Amino acid sequence: MFDFFKRARAPEDHSPDPKAAPSPPRSWHERLTAGLKESRAKFTDAVSMLFSRKRLDDESLEALETALLTADAGVAATTALLADLQSRVKTAGDTPDITQLLRESLFDLLKTLEAPNDPSSPSKPYVVMLAGVNGAGKTTSIGKLTRRWQNEHKTVLLAAGDTFRAAA
């Protein structure tokens with residue numbers, strides 16, 4: 001599942017020319033980008049093939065549900081998207097563009113989650129959570145944010161949630 005984090009092994013060279021230089025190994029960023037492109041392609045291929053019929057029947061909804069869940073959309077988001085899409089199709093008329101309706105539904109779902117990044121807001125405490133793979137710069141970013149907010153005379157509390165390291 002997480003093969004894009006592993007270094008790709010160089011293919012064994014069986015050519016008779018010993019002076020042929022092996023290709024350099026791909027960087028972590030190149031492997032991550034390739035893995036994300038593959039995931040995106042799988043999801044978009046499933047959705048485009050699904051809606052080439054221009055009808056939203058039970059089979060299409062089930063296939064869309066599978067595609068969303070395998071893309072890690074989550075059960076609650078998938079359920080909400082499917083219900084919203086069904087209602088949009090009913091109100092759209094005779095020949096709705098299902099792909100556009102899905103795009104609008106996804107946009108509206110994500111728009112509700114959008115919030116400004118304002119630590120001076122009156123709601124307290126202001127909570128920031130950072131998550132990511134090893135070496136992505138989470139600790140450095142936390143340190144920089146902490147220093148900035150301390151310079152602004154704000155009180156900062158750090159809490160670790162790493163379950164894999166004993167020191168955390």
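**Figure 1. Helices α3 and α4 where they cross.** In this predicted model, the axes of α3 (residues 75-92) and α4 (residues 98-111) come within 9 Å and cross at roughly 130°, where an axis is a line fitted to C-alpha atoms, for helices over the stretch in contact, and the angle between N-to-C directions runs from 0 to 180 degrees. That angle makes α3 oblique to α4, because angles under 35 degrees count as roughly parallel, over 145 as roughly antiparallel, 65 to 115 as roughly perpendicular and the rest as oblique. On the α3 side the contact (heavy atoms within 4.5 Å) is made by A77, L81, D84, L85, R88, V89 and A92, and on the α4 side by I98, L101, L102, E104, S105, L106, D108 and L109. By class, this contact of α3 with α4 has 10 nonpolar, one polar and four charged residues, with Ala, Val, Leu, Ile, Met, Phe, Trp, Tyr, Cys and Pro counted as nonpolar, Asp, Glu, Lys and Arg as charged, and the others, Gly among them, as polar. Helices (H or I, at least four residues) and strands (E, at least two) are DSSP runs, numbered from the N terminus.

**Figure 2. Helices α2 and α3 where they cross.** The axes of α2 (58-70) and α3 come within 10 Å and cross at roughly 145°, and α2 passes α3 in a right-handed crossing. From α2, the residues L61, L64, E65, L68 and L69 meet V75, T78, L81, L82, L85 and Q86 of α3. The residues of this contact of α2 with α3 divide into eight nonpolar, two polar and one charged.

Figure 3. Is T78 buried or exposed? With a relative accessible area of 1%, T78 is buried, since buried means under 20% relative accessible area, exposed over 50%, and partly exposed in between (1.4 Å probe, protein chains only). Not counting residues up to four places away in sequence, T78 touches E65, L68, L69 and A73. Q86, which also lies in α3, has a relative accessibility of 35% and therefore counts as partly exposed. Leaving aside neighbours within four places in sequence, Q86 is in contact with L56 and L61, and its C-alpha atom is separated by 9.5 Å from that of L102, 16 residues apart along the chain.

**Figure 4. The largest nonpolar core.** A nonpolar core is a set of buried Ala, Val, Leu, Ile, Met, Phe, Trp, Tyr and Cys residues joined through side-chain atoms within 4.5 Å, and the largest one here has 12 residues in all: V47, L50, L61, L64, L68, L81, L82, L85, V89, I98, L101 and L102. Two or more residues are given to this core by each of α1 (28-50), α2, α3 and α4, and its largest share, four residues, comes from α3. V47, leaving aside its neighbours within four places in sequence, is in contact with L64 and L102.

**Notes to all views.** Residues are numbered from 1 along each chain as its sequence is written, and side-chain values use heavy atoms, with hydrogens and water left out. Because the model is predicted, local features need pLDDT of at least 70 and side-chain atom pairs count only at pLDDT 80 or more, whereas totals for chains, interfaces and linings use all residues.

Conventions: Left-handed = near helix turned anticlockwise from the far one by under 90°.
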